[in-house]
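Trainee: Please pick one part of this model and go through it closely. I would like the cut-offs stated along with the values.

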Amino acid sequence: MDFTFSEDQLLFRDSVRDFLVNEVTPERIRGIWESDSGRDDGLWQQLAEMGLTGITVPEAHGGLGMDELDFVLLAQECGYVALPEPLVNTALVAVPVISQLGGQAAAEWLPKIAAGETRVAVGCSDNGLAEDAAQAGLLLWAEPQALYLLTPDQFSARFNESVDPSRRLYAIDIAAGVLPAASGEQAAALYQAVLDRGALGAAAQALGLAQRMIDISVQYTSERQQFGKVIGSFQAVKHHMANVAVRLEYAKAPVTRAAYALARGEAAQVAVSHAKLVACEAANLAAKNSIQVHGAMGYTWEVDLHIFMKKAWAMAGTFGDTGFHKQRVAEHIFADGVALGAGTTF
Amino acid sequence: MKLSFSPQDEQFREEVAQWLADNLCGEFECVRHRGGPGDEHHRVAERKAWERKLAEGGWTCIGWPKEYGGRGASIEQQVIFNEEYARAGGPGRIGHIGETLAGPTIIAFGSDEQKQKYLPGILRGEVFWCQGYSEPSAGSDLANVKTRAEFDEAAGKWRINGQKVWTSLAHESEYCFVIARTDPQSVGHKGLGFFLVTMDQPGVTVRPIEQLTGTSEFNEVFFDDAECDAADIVGAPGDGWKVAMGLLGFERGVSTLGQQMLFQNEFDAIVKLAKDNGAAKNPALRQRIADAHVGLKILRYNSMRMLSGGGDGSLQKEAMIYKLYWATWHRNLGKLAMDVLGQESEILDEAPYELNRLQSMYLFTRSDTIYGGTNQIQRNIIAERALGMPREPRG
């Protein structure tokens, strides 16, 4: 039994963190909001050059061939900077699902994704809208009975403005006559995979978002003075942050656990739901309490907090909301003959 | 990362399960699933006999090093033992304070003489311990200890005067480890000593405190010129705080695993009840039961992570967080149990004041967020030490 990451995994995480923190600043994100496409091709190229767009692409197709457990740490860092680019959906959802499809699809698209030549978008009928569909060279669209790989000529996309300006959401119409890449049972399994993988990605990003909001708030409350003292010294203020720290710290292991299940091809549904619930809860609590301890400043557009707060909000609703995941956990508990007790630790 | 047990560990699991199946029966049938939090008064004599039975099988103190009579069991094996113990319905341990607190402290900080004198009794399941920390004016502010220890040169003994309070199982214990002030001029955590004190002596008076459960698990303990041999101070006079804090480290370690398996049994009982009485069909209760399950899994995963050691540098933080998390979770579980019981939750099992297991659990869990450091104190610690927020000015 060993619940720790390897030194290599942590070192790689650190170097990606350094890159992201330096490059994906709140100022750059605000710039991306103002751009026409809402995306930054230069940034995507930088990510590709670091090998990140191909991190889960098998080496045979020009990628780094790493697994979900390697990437889950990086996904947290993507959350920490509120990366607008769809790296998490690419590495954690699109690439593994296209790899599972295999054959021509994998051979054609995976090398291009790894090289950063093709942006891939992921949509799932459970979400309704597909993120980044109009910016992508390939859209993976999953329905319970059909999985599509669509090139831009095979669908139309209608922009829906999001509360989170970093999110680019599109309603999709698939052109008449386009055939799915998978159907029937295979599509059902892949749909499940898209949902679980997307949910894990959202959960991991939520962890990073929560950490960022804590960091911002600890810094602010350690500087802001009232009654002649820094407000962070008051118990009423610090207990808000302690509550977030508890939720966050304890949401990490379930996220790791879910990534472990996916990486090993084990049944992951309950583990993923568990991770999604607690990580998003941590991020939403971080958002609420961070705004509170910032006072009126927390409510302004100028303070960066809302960049992370809105993303946390979005993560909680995407790839299955709280009700959906709680229902999955409840069904598991109340199923007949399920072993819950001692000895079923993992 | 490897989240499974090895074949050797699984074999160990079978060995534990088999031993428990063979021994936790007959005269011990009456203590199965009993004696947990809120139920400590149940069949104490039988549970003490059970401690000796465990010892005969070599199942006390399994995590202690072999040189001190333990099995030197790995973390994995200790996890497995606790899981199987709970699965079999092993009774609440009376020996746990000795096994998980006094023993490891003596092993880490004690003299050879103390080791020889005290460890065997704990190993044999014959000698029981209690913890003399809290005082009427030293609760959250634990370092404000007023109990004094003065060395009587003529008698060659320490004389202890003062009062401890909330002392669990003092009335069932042979020994108490006591922190007392050795330097009368000192304040706070300086000038304290850590003493191993015999309970059966004229200078020690134990007075039970009746709790809102109607039972008495904890006590007031009065020291009036209580004697303690010169050889029975752990470390030097003035080292008491260091020793006591080392002990708190043990408290947050492996000893938490057994507690979690008790939680698991309580949770399972609630799920079964909900299925039986139809509460499982109530969407609001279903959601709360799902929440409780998620929280319990979190406790398990994080203990494993904490005990895996190493890691990403945040493990220290995790240890600080543990108490706040489990206490709050367990308090909520108590309320959930009552809500699943519904109207029945109001009715006593028997007069005069016999609570059923879940009622007793519910009432007991009101104390979880208080003892061992209140939630408010825990939040201060997390904010100041884990997050690095500014310290509150303290008088």
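**The contact between the chains, and some local geometry**

Mentor: Between chain B and chain A the count is two salt bridges, a salt bridge being a side-chain nitrogen of Lys or Arg within 4 Å of a carboxyl oxygen of Asp or Glu. The model is predicted, so local features need pLDDT of at least 70 and side-chain atom pairs pLDDT 80 or more, while totals for chains, interfaces and linings use all residues. Residues are numbered from 1 along each chain as its sequence is written, chains are lettered from A and ligands numbered from 1 in the order in which they are written, and side-chain values use heavy atoms, with hydrogens and water left out.

A:Lys238 forms a salt bridge with B:Glu384, with 2.6 Å between the closest N and O atoms. The contact (heavy atoms within 4.5 Å) involves 53 residues of chain A and 56 residues of chain B. About 5,300 Å² is buried between chain B and chain A, 66% of it on carbon and sulfur atoms; buried area is the accessible area (1.4 Å probe) that two parts lose on being put together, summed over both. On the chain B side, B:Met1, B:Leu3 and B:Tyr301 lose the most area to chain A, together 17% of what that side buries.

Within chain A, the axes of helix H5 (residues 87-101) and helix H7 (residues 184-223) come within 9 Å and cross at roughly 160°. That makes H5(A) roughly antiparallel to H7(A), the label for angles over 145 degrees. Axes are lines fitted to C-alpha atoms, for helices over the stretch in contact, with angles from 0 to 180 degrees between N-to-C directions. Helices (H or I, at least four residues) and strands (E, at least two) are DSSP runs, numbered from the N terminus. Residues of H5(A) that meet H7(A) include A:Val88, A:Leu92 and A:Pro96, and among their partners in H7(A) are A:Leu190, A:Arg197 and A:Gly201. The residues of this contact divide into 10 nonpolar, five polar and one charged. Here Ala, Val, Leu, Ile, Met, Phe, Trp, Tyr, Cys and Pro count as nonpolar, Asp, Glu, Lys and Arg as charged, and the others, Gly among them, as polar.

B:Ala351 and B:Pro352 are joined by a cis peptide bond, with omega about 0°; B:Pro352 lies in the loop between helix H9 (315-341) and helix H10 (357-364) of chain B. B:Trp166, not a glycine, has a positive phi of about 60° and is found in strand E3 (residues 157-168) of chain B.

Note on methods
Parallel < 35°, antiparallel > 145°, perpendicular 65-115°, else oblique.
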